[in-house]
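Please look over the sequence and the model before reading on. The paragraphs below proceed from the whole chain to a single residue.

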Amino acid sequence: MKRQKKPRKDFNKEELLLSLERTVLSKERTVLAEITVLLGFMALGILVVRLFEDQSMLLFGFALVVFSIIAMFYLIYNFRKHAKELKKIEKTGSVKLPEFD
């Protein structure tokens, strides 16, 4: 059985800020990719509404469009919240992580 490594506690401020910046950039890239997928879902929903006359297909198309819009707002809200927290950490220069207490 392998022993788990203990977390490193000797970070300097520059390393920590660089890792936080990488975190922000990776989160931004992920959110943009998710929004691209949701735009595809929205386009599919609009296509289904325009092409099919059946009541169930219309409902499915509208559901796709509504789901995409709600999910996009949720993603943007979470990204802004996450970015605000990281900017606060960057401004104060202190991080409180439970594994380092």
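What share of the contacts in the protein chain with a separation of 6 or more comes from residues 24 or more positions apart? Such pairs account for 70% of these contacts, where contact means heavy atoms within 4.5 Å. The model is predicted, so local features need pLDDT of at least 70 and side-chain atom pairs count only at pLDDT 80 or more, while totals for chains, interfaces and linings use all residues. Residues are numbered from 1 along each chain as its sequence is written, and side-chain values use heavy atoms, with hydrogens and water left out.

The protein chain contains 2 helices and 0 strands; these are DSSP runs numbered from the N terminus, helices being H or I with at least four residues and strands E with at least two. Of its 101 residues, 18% count as buried, that is, under 20% relative accessible area with a 1.4 Å probe, protein chains only.

Among the buried residues of helix 2 are Gly61, Leu64, Ser68 and Phe79. Helix 1 (13-51) is included in what covers the buried residues of helix 2.

Ser68 lies in helix 2 (residues 55-92). Ser68 counts as buried because its relative accessible area is 0%. Leaving aside neighbours within four places in sequence, Ser68 is in contact with Leu38, Phe41 and Met42. The side chain of Ser68 also reaches the backbone oxygen of Leu38 at 3.3 Å.

Conventions. Buried means under 20% relative accessible area, exposed over 50%, partly exposed in between (1.4 Å probe, protein chains only). A polar contact is a pair of N or O atoms within 3.5 Å; within protein, one must be able to donate a hydrogen and the other to accept it, and residues adjacent in sequence count only if both atoms are side-chain atoms.
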